[in-house]
Amino acid sequence: MTRKIIFDSDPGQDDALALLLALAAPEIEVLSVVSVAGNVPQPLVTDNLLALLSLAGRDDIPVYRGCELPLIREQYTAEYVHGDTGIDGADIPAALRKAEAQHGVDHIIETCMAAEDGSVTLVPVGPLTNIGMAIAKERAIIPKIREIVWMGGAFDEPGNTTALAEFNAFVDPHAGAIVFKSGIPMVVLPLDVTHKALLPQEAVRRLAEFGSPVATACAGMIGFYEQYDVAKYGWDGAAMHDPCAVAYLIDPTLFRSRRMSIGIDYTNEETIGNTYERMDGSVPNATVVFDVEADRFFELLVSSWCSL
Ligand code: BDR
Ligand code: CA
């Protein structure tokens, strides 16, 4: 049975790579795509999703424009990593169509309400604003959701935006807190795993040599956004943050995880966005992923992108 997902994202080159991976996967049916302001503001994230779907020949998948701002905090974007467009490095033509008229949050609610209990999987790979808003607006969606698979957070690994906070957690920790406390089953792919998933240069060369429009775009985007991490950490490859979330759905045996009760700090300015393990004996609310079988993961990525 294919997994029916709503992909919620803020492209972002690694968001783009994750979406393309989902489109290539026979295990996944992408019902719709919702944008959220994150790496770059609206409407860029929406335009990027439309352009990426068009590149992959999937103009049949509807795109919904989601939230423009975090629930409470000032907007914080990451052009310093992703460039002004969010997907710098590839020259992807703008889509000919526009986003749907309905708001992304209402689309999430409507889709969940029309679904069987436990049948919809949400895959947010950006700030959790849309999902938090949807839960706050209509709590009856909670039993409809099978699982939320989120790229975000940092546990044993330091943050990438502050010493403690990962970007997606830092941008909207209040939305994160709503989601974490909702009781919806969660899988979390934090920096602890994504920083072990650095795509080797050899894989980027393979993509460039393959030369299809999708593979060329992937190689270009990776070449652009790896520069930040190479300069900051001295790594020799781009961290495959958001593709980890999609790969988990395709083949969870690639990963090692542990059940944990987790929280997110949204009150203290110095530690805001910190994701942490609760030590109060509370029931686990998430499967947190800590390790990946990297070579098998990279093979899945490259072969998937080359199949589109
Ligand atoms: C996350 O933040 C964004 O920059 C990436 O798209 C990813 O979702 C990594 O911290
Ligand atoms: Ca992202």
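Predicted model: local features only at pLDDT ≥ 70, side-chain atom pairs only at ≥ 80, totals over all residues.
Residues are numbered from 1 along each chain as its sequence is written. Local features need pLDDT of at least 70 and side-chain atom pairs count only at pLDDT 80 or more, while side-chain values use heavy atoms, without hydrogens and water.

Select Lys4 in strand 1 (residues 3-9); strands are DSSP runs of E of at least two residues, helices runs of H or I of at least four, both numbered from the N terminus. Lys4 is partly exposed, at 39% relative accessible area (buried is under 20%, exposed over 50%, partly exposed in between, with a 1.4 Å probe and protein chains only).

Next, select Asp106 and Lys137, whose side chains form a salt bridge of 2.5 Å, N to O (a side-chain nitrogen of Lys or Arg within 4 Å of a carboxyl oxygen of Asp or Glu). Asp106 belongs to helix 4 (residues 104-113) and Lys137 to helix 5 (residues 129-137), 31 residues apart. Asp106 is partly exposed at 27%, whereas Lys137 is exposed at 56%.

Move to Lys144 and Asp117, a salt bridge with closest N and O atoms 3.5 Å apart. Here Lys144 is buried at 15% and Asp117 exposed at 54%.

Finally, select Arg278 and Asp280, whose salt bridge has its closest N and O atoms 2.9 Å apart.

Notes: Chains lettered and ligands numbered in written order.
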